[in-house]
Amino acid sequence: MKITEAVIGQEYVVKKLHTTGALRQRLISFGILKGVHIKYLAHTNLKSTYEIRVGKMNIALRKDEAQKIEVQ
Amino acid sequence: MKNIKIALVGQPNVGKSMLLNAMGKAREHVGNFTGVTVEKKTIEFEYQGYLLSMVDLPGTYMLADYSQEEKITSDFLKHEQYDIILNIVDSTNLERNLQLTSELLNMDKKMVIALNMSDEATKENISINSNYMSELLGVDAIKVSALTKDGIEQLLSNIIKTHKQIKKESKLVFSEAIEEEITNIVQFLDKNKFVNILEKRQCDNFNTSLSYRKIAIDLLSEQKYIYKKLHDEPIWTSLQPVVLKAIEHIKIHHNEDVMIDIMADEYMSFNQGIINETVETSKDITTQPSITQKIDNILIHPIFGIPIFLFFMWALFQLTFEIGSIPMDYIDEFFGSFGDTVGGFIAHDELRSLIVDGLIAGVGAVVLFVPNIVILFVGIALLEGTGYMSRVAYLLDGFFHKFGLHGQSFIPLVTGFGCSIPAYMSARILKNDKDRLLTMFIIGFMSCGARLPVYVLFVGAFFAPQHAGNILFAIYMGGALLGLVLAKVLKMTAFKGVSEPFVMEMPKYRMPSVVLVWHTVKSKTMMYLKKAGTFIAAASMLVWFASSYPKNIELSNSYETKIETAGDEKKSELTNELNEKLLELSYLGQVGKFIEPVFTPLGMDWKMAVALQTGLAAKEVVVSTLGVLYSLGGDVDEENSSLIERLSKNISFASAVAFIIIIMTYLPCLAATIVFAKEAGGWRYAGYLFVFTSIVAYALAFIGYNIAL
């Protein structure tokens with residue numbers, strides 16, 4: 001499933017990144033890659049922006065970007 | 001003296017600026033523009049008989065070229081000359097930080113690691129065996145704390161020690177499959193006696209060139225620069241199939257089809273190995289929600305987050321006005337009596353007028369607003385230093401995105417409330433050119449600190465004191481909202497296209513360092529005062545000259561005889577009339593009269609029109625121009641001596657509204673326009689900006705005037 005369909009406060013494992021090029025590079029430089037554990041922390045009022053935790057770092061993502069991260 | 005050139009590299013939010021500050025004794029000040037270190041900055045100081053020059057590189061998560069800042073850093077490390085890399089890491093988050101470290105190990109350079117924030121790590125029960133880590137990495141790792149200044153001496157002496165020694169072999173190893181391919185490529189290069197002329201870098205006492213191993217690793221990491229360089233070498237034709245086969249083999253082995261993923265994974269497992277060996281964390285702490293998490297529960301609450309942010313902004317502007325106004329009276333009084341005292345010593349009439357009415361009145365009017373500006377800068381520095389700024393970007397991105405902007409546009413836009421110049425520069429954090437340009441076009445609508453004096457003056461003159469803070473808040477918010485609407489218009493017309501992705505770190509909350517805030521505020525205030533002392537002083541004198549000449553002796557004489565014969569009451573009336581007429585006939589008056597028709601529909605007289613023109617040079621000059629124009633002519637009644645009173649007497653409310661609107665919307669100062677042109681990539685953009693803002697300013701002022709009438 002996609003992060004946008006996940007449950008707040010739950011931990012997931014990244015399965016696949018559905019993107020290439022600059023965005024993929026960006027996600028990887030934040031440590032978001034296959035097999036990594038991430039925790040879904042919060043979203044804004046209108047679900048336009050999401051907050052996840054990778055390791056000890058909190059990361060904010062826009063909906064479009066969050067949809068490209070497949071987790072399980 | 002021997003010089004050691006040191007490249008300072010670290011991820012964002014590792015306390016790099018603070019560490020630089022803690023090293024002290026530096027010749028250059030740190031933290032150029034609020035928080036974001038965009039320009040390369042060199043700091044020099046002596047230590048143990050060496051001259052250490054540290055180049056402060058922009059923070060980067062990886063050596064990629066995603067943003068302009070990352071590109072600056074990775075280009076510098078690859079192509080420039082330096083002796084040592086000083087890698088600064090956050091001890092409390094080694095998992096992330098070592099990712100960059102392991103990439104740096106690949107640079108084939110001497111290196112020292114500063115394990116910063118070691119005091120925080122101790123508090124979080126993270127214990128690091130730095131000696132063992134040094135051994136495993138083959139690079140010295142020193143525990144330091146920029147806050148408590150622990151370990152700074154040791155760090156510096158280690159830099160010297162490392163510089164004196166021969167470079168140690170890097171201990172970064174990859175998994176078997178990759179190591180095998182590296183060996184293959186190295187053997188191929190060796191067998192073909194490939195003369196490595198790629199990058200002969202002259203260092204202090206020995207020559208290095210890219211080692212075969214580094215070439216192999218960079219080829220396998222698909223780094224563009226190495227392909228570019230090798231492409232022109234004759235060996236390329238036979239090397240290419242070897243590399244292709246190697247990459248193919250690694251991809252099959254890792255069951256993954258993107259090389260950057262594989263390499264990132266490799267670095268990550270290497271780092272995990274290091275961390276497992278050298279770091280101990282006591283478990284009981286980690287299960288509890290951190291302070292950051294608790295604060296975030298309130299500050300980025302889905303419903304209350306934005307109202308809380310708006311409240312903070314409102315409070316900031318209230319403070320700016322309320323506290324700022326306290327010392328203003330004293331400053332005003334000081335310049336008044338200073339002018340009188342100085343005037344008493346100058347016998348020559350015109351020279352006295354130049355010094356007192358031109359120079360002192362003009363500069364005084366600008367210095368008057370230093371308290372307001374200090375408060376505003378402190379507020380912005382706090383917003384950035386605490387980590388709250390990125391929360392706001394998170395909260396606002398959804399909203400901003402609707403207007404075609406990026407959540408991170410927020411940072412340059414808020415910086416714009418301080419000064420447009422650093423704001424234009426900090427727009428570099430936006431990678432996409434269109435997003436960046438769009439943000440830059442509307443930065444001017446965020447009223448900068450220099451416009452504050454004009455607002456304070458006009459709000460003070462035309463609104464009751466109890467509403468002043470609210471009106472000021474409304475002006476700033478109105479400008480910001482207008483900017484958003486115009487962003488949408490521009491996005492739909494001139495800047496059509498795909499938006500930049502939004503992926504951003506939300507750093508831990510921290511108590512901002514008093515020293516760093518002080519440094520930022522001080523350097524910005526000094527910049528403002530320097531401007532007051534030089535540029536504005538000159539402009540004030542120019543305005544004085546243009547408004548005092550040419551002298552019309554005939555007119556003066558004809559009035560003088562009238563004044564002499566007139567009664568006491570008629571006398572002051574006639575003097576005023578004379579001054580008014582003289583002003584109208586001056587150079588400035590002539591220019592003003594010439595352009596007056598353009599501003600008549602806005603209810604402005606020529607004096608206001610002139611003030612707006614001089615405001616193109618700098619917004620502070622608007623105040624000093626008004627100061628000069630309304631002190632030479634008009635009312636000379638002693639009791640109405642303050643500029644605020646004179647303005648409220650001479651200008652109608654509706655014209656004042658139009659004037660404020662124009663100040664809000666037209667071109668920022670000359671210096672900012674120059675920076676804009678530079679950052680946007682050409683003077684034609686400055687031309688577009690001029691046309692765009694002028695049309696908006698005139699149209700809105702016209703509407704505002706007619707509503708207020």
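Me: How many residues does the contact take from chain B and from chain A?
Reply: In this predicted model, chain B gives 41 residues to the contact and chain A gives 33 residues. The area buried between the two chains is about 3,200 Å², and carbon and sulfur atoms give 57% of that area.

Me: What is the count of salt bridges between chain B and chain A?
Reply: The count is four salt bridges. One of them joins the side chains of Asp261(B) and Arg24(A).

Me: Why is the pair Asp261(B) and Arg24(A) called a salt bridge?
Reply: The N to O distance is 2.6 Å. The cut-off is within 4 Å, so the pair qualifies.

Me: Why is Tyr330(B) called exposed?
Reply: Its relative accessible area is 59%. Exposed means over 50%, so the word applies to Tyr330(B). This residue is found in helix 15 (residues 325-345) of chain B.

Me: Which residues make the nonpolar surface patch with Tyr330(B)?
Reply: Leu319(B), Ile323(B) and Ile326(B) make the patch together with Tyr330(B), and its area is about 430 Å².

Me: What do the buried residues of helix 33 of chain B pack against?
Reply: The buried residues include Tyr685(B), Leu689(B), Phe692(B), Val696(B) and Tyr705(B). The partners of the buried residues in chain B include helix 20 (420-426), helix 23 (468-492) and helix 32 (670-680).

Note on methods:
Residues are numbered from 1 along each chain as its sequence is written. Chains are lettered from A and ligands numbered from 1 in the order in which they are written. This is a predicted model: local features need pLDDT of at least 70, side-chain atom pairs count only at pLDDT 80 or more; totals for chains, interfaces and linings use all residues. Side-chain values use heavy atoms; hydrogens and water are left out. Patches are made of residues with over 30% relative accessible area and no salt bridge: like charges are joined within 9 Å, nonpolar side chains (Val, Leu, Ile, Met, Phe, Trp, Tyr) within 5 Å. Accessible areas come from the Shrake-Rupley method with a 1.4 Å probe; for residues, only the protein chains shown count as cover. Helices (H or I, at least four residues) and strands (E, at least two) are DSSP runs, numbered from the N terminus. Buried means under 20% relative accessible area, exposed over 50%, partly exposed in between (1.4 Å probe, protein chains only). Contact means heavy atoms within 4.5 Å. Buried area is the accessible area (1.4 Å probe) that two parts lose on being put together, summed over both.
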